[in-house]
Amino acid sequence: MHVGRISHPDNTPHHRQAVAPSAVAPGEQIFTADGMKDVPVPRELRREEIKDVVDEFRKAAAAAIEAGADGVEVHGANGYLIHQFLGENSNVRTDEYGGSVENRARFAIEVTKAVVDEIGADKVGFRISPGAPLGGVKEGVHIDQVYEYLVSELDKLGLAYLHIMHLGDESILRKIRSVWSNPFLVNRAGRQIEDISNDIDNNIADMAPIGAWALANPDIVECLKKDAPLNEPDRTTFYGGDEKGYIDYPFLDK
Ligand SMILES: Cc1cc2nc3c(=O)[nH]c(=O)nc-3n(C[C@H](O)[C@H](O)[C@H](O)COP(=O)(O)O)c2cc1C
């Protein structure tokens with residue numbers, strides 16, 4: 001992943017300005033060592049710099065495999081760099097990376113092709129979050145077109161899976177699934193644990209990734225198999241900056 005504009009000079013070793021598709025601030029705040037601060041205006045990536053960033057994704061994928069990972073997930077969701085390129089309000093470029101749906105999807109596709117080329121399509125997944133108002137990104141009124149185009153292009157690459165972080169209704173999920181051949185993972189944000197298999201039962205998804213419940217239950221698979229009581233995720237510890245709420249939830253046998 002690359003955060004793009006969701007950064008702050010205080011969070012970088014050399015107090016650097018972030019880069020993004022366009023010099024547009026997200027209108028959000030970010031954690032720093034001195035508390036929450038406004039995210040500043042990023043610097044627009046020069047056209048010739050974009051291929052260097054694509055190459056950084058390629059190198060990151062190679063490093064992950066070298067370090068022993070089974071594969072990588074290209075992060076095209078949640079308001080970070082790839083999503084910023086897809087957004088209509090975060091990408092106001094006038095070159096071949098901005099404007100039309102095809103142009104705004106170009107960076108996502110180039111990154112994925114580079115990663116596939118480096119480590120093989122069977123080791124690569126892709127994450128999207130259509131319409132999720134995260135990081136101030138808005139894809140505009142043609143949101144269905146943006147994702148139908150992007151996903152049908154990604155489909156040609158034969159990736160291991162597509163992963164959606166989803167907040168909305170089912171219509172876009174069904175549209176996306178109709179242009180996607182391989183495993184389809186739907187992470188419905190904030191869903192209750194008893195609803196975890198609904199999308200699989202309703203033939204919308206092949207898998208249902210679990211976030212917060214897995215954080216709170218280090219042996220979630222065992223718990224679900226045994227229908228055991230679960231630890232409730234403690235939201236006050238999310239994004240806290242230390243180990244609290246990340247490694248201290250009790251196991252089932254405790
Ligand atoms: C503590 C915490 C940290 C998270 N960090 C990230 C992140 O860095 N990048 C990301 O795309 N999603 C992140 N998420 C979102 C999860 O991947 C997931 O989409 C979200 O929690 C909704 O699924 P859930 O209801 O099963 O938790 C995070 C969620 C939590 C609770």
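1. Let's start with the contacts: of those in the protein with a separation of 6 or more, 61% are between residues 24 or more positions apart. Two residues count as in contact if their C-beta atoms, placed from the backbone, lie within 7 Å. Bear in mind that this is a predicted model, where local features need pLDDT of at least 70, side-chain atom pairs count only at pLDDT 80 or more, and totals for chains, interfaces and linings use all residues. Residues are numbered from 1 along each chain as its sequence is written.

2. On overall build, the protein has eight helices and eight strands; these are DSSP runs numbered from the N terminus, with helices being H or I of at least four residues and strands E of at least two. The radius of gyration is 19 Å against the 18 Å from the globule rule for 254 residues, so the protein is as compact as a globular protein of that length. (That radius is taken over C-alpha atoms, and the rule is 2.2 Å times the number of residues to the power 0.38.) The C-alpha atoms fill a box of roughly 55 × 45 × 40 Å along the principal axes.

3. Burial comes out at 29% of the 254 residues. Buried here needs 20 or more other C-beta atoms within 10 Å of the residue's own, with C-beta atoms placed from the backbone.

4. Now the parallel sheet. Four strands make an open sheet in the order β5-β6-β7-β8, with parallel pairing; two strands pair if DSSP finds at least two bridges between them. At the edges sit β5 (72-75) and β8 (184-188), each pairing on one side only. Neighbouring strands are turned by 25° against each other on average, direction ignored, using axes that are lines fitted to C-alpha atoms and angles that run from 0 to 180 degrees between N-to-C directions. Inside the sheet, four bridges join β6 (residues 124-128) to β7 (residues 161-166), and arginine 127 stands opposite histidine 163 in β7.

5. There is also a hairpin: β2 and β3, with two residues between them. Four bridges hold β2 (residues 29-32) to β3 (residues 35-38), and the two run antiparallel. Phenylalanine 31 has methionine 36 in β3 as its bridge partner.

6. Last, the domains. The assignment gives domain 1 (9-209) and domain 2 (211-254), with bounds that come from an automatic or database domain assignment. Their centres, taken over C-alpha atoms, are separated by 26 Å. Four residues from domain 1 and five residues from domain 2 take part in the contact.

Key. A residue is buried if 20 or more other C-beta atoms lie within 10 Å of its own, exposed if 12 or fewer, and partly exposed in between; C-beta atoms are placed from the backbone.
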